[in-house]
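Please view the sequence and the model alongside the text.

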Amino acid sequence: MTKTILLKNRPQGKPSISNFEFTKDDSELSIKDGELLLETTYVSVDPYLRGRMSDAKSYVPPFKLNEPVHSGVIAKVISSKNEKFTEGDYVSGMLNWQTKQVSNGEGLNKVDPSKAPLSAYLGILGMTGLTAYCGLTEIGKPKKGETLVVSGAAGAVGSVVGQIGKILGLRVIGIAGSDEKVELLKSKFGFDEGINYNTTENMQEAIAKAAPNGVDVYFDNVGGPISDGVLVNINQLARIIICGAISVYNSTEAPKSLSVQPFLVKNSALMQGFIVSNYSAKFPEAIKQLTTWLSEDKLTYSETVVEGFDNIPQAFIDLFEGKNKGKMVVKI
């Protein structure tokens, strides 16, 4: 039997379980020459998937209604008629939310469970780590002694960004949504300071206190009022990296925010958005460096692991309530 999760209708505001449809198929899957049969092991859920559930123009096409949702997946090769893969291999790739599926092998990469836990290839050694590394190094161009602020710092990308910042000799300040997460930033990930945005009345003042020398690099995962507070504190030639804007993904009205132009002009600052595929040429270098740092215990990571295929949509929805610490994955 194969279970599949389809996008039933497009969310209005925050996604709900009613946006998804669960189906079952009792027919046996067969493969032809060049194909392989995969069994899903881990599924990645990420905030960017919310954008693909809308039909607005974006950098990738929207999901089609009544078709499977897909995201980063780790799968086991059950059988293969593709010379590049053998039975028992584990692979990562963008695959459907299905318990089993047939693939022609395109876009799949073998992963080695002896070098790192399988789930790490969806996180710190996958898109998460690549996003953190490429965004910070290519746009942020950090220099030793500078101050880095990270929003969404207890999330999958943010926690890796902060650690890389420390490895490179920066003072690192993280913004997160609870005292528990702030403590985690400092105790586990080595951040110098943490700010709980839910208990902070004046973000501008909190940033100024935590970063008395101003902000040189800002890695933004959230947008909204939090980022407004950081902008007021940027230094000359600051670099602002726009990775995400989870605070407004579910908004049904146009967000009201600070006008950024005066701050950018006054400080000759750079603000640049990116998607990780912009830097695909850097991926081999990035994975090599991340793997080295991980093996040297210079990097660590947190995961929130939800068990059960049927719980994939709820795990995705929980991202927007901050219920994850680090990378959110579903174990099948």
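## Sheet and aromatic pairs

Val 215 stands opposite Ile 234, a residue of strand 12. The model is predicted, with local features requiring pLDDT of at least 70 and side-chain atom pairs pLDDT 80 or more, while totals for chains, interfaces and linings use all residues. Residues are numbered from 1 along each chain as its sequence is written, and side-chain values use heavy atoms, without hydrogens and water.

Strands (E, at least two residues) and helices (H or I, at least four) are DSSP runs numbered from the N terminus. Strand 11 pairs with strand 12 (residues 234–242) in the parallel sense over five bridges; pairing requires at least two DSSP bridges between two strands. Six strands form an open sheet with parallel pairing, in the order 10-9-8-11-12-13. Strand 10 (193–196) and strand 13 are its edge strands, each pairing on one side only.

The whole structure holds five aromatic pairs. Rings of Phe, Tyr and Trp (its six-membered ring) pair if their centres lie within 6.5 Å; planes under 30 degrees apart are stacked, over 60 edge-to-face and the rest tilted. Two edge-to-face pairs are tabulated.

| Pair | Centre to centre | Angle between planes |
|---|---|---|
| Phe 219 and Phe 274 | 6.3 Å | 75 degrees |
| Phe 316 and Phe 320 | 5.4 Å | 85 degrees |

Phe 219 lies in strand 11 (residues 215–220) and Phe 274 in the loop between strand 13 (270–273) and helix 8 (283–295), so their pair ties together parts 55 residues apart in sequence. Phe 219 is buried at 0% relative accessibility, where buried means under 20% relative accessible area, exposed over 50% and partly exposed in between (1.4 Å probe, protein chains only).
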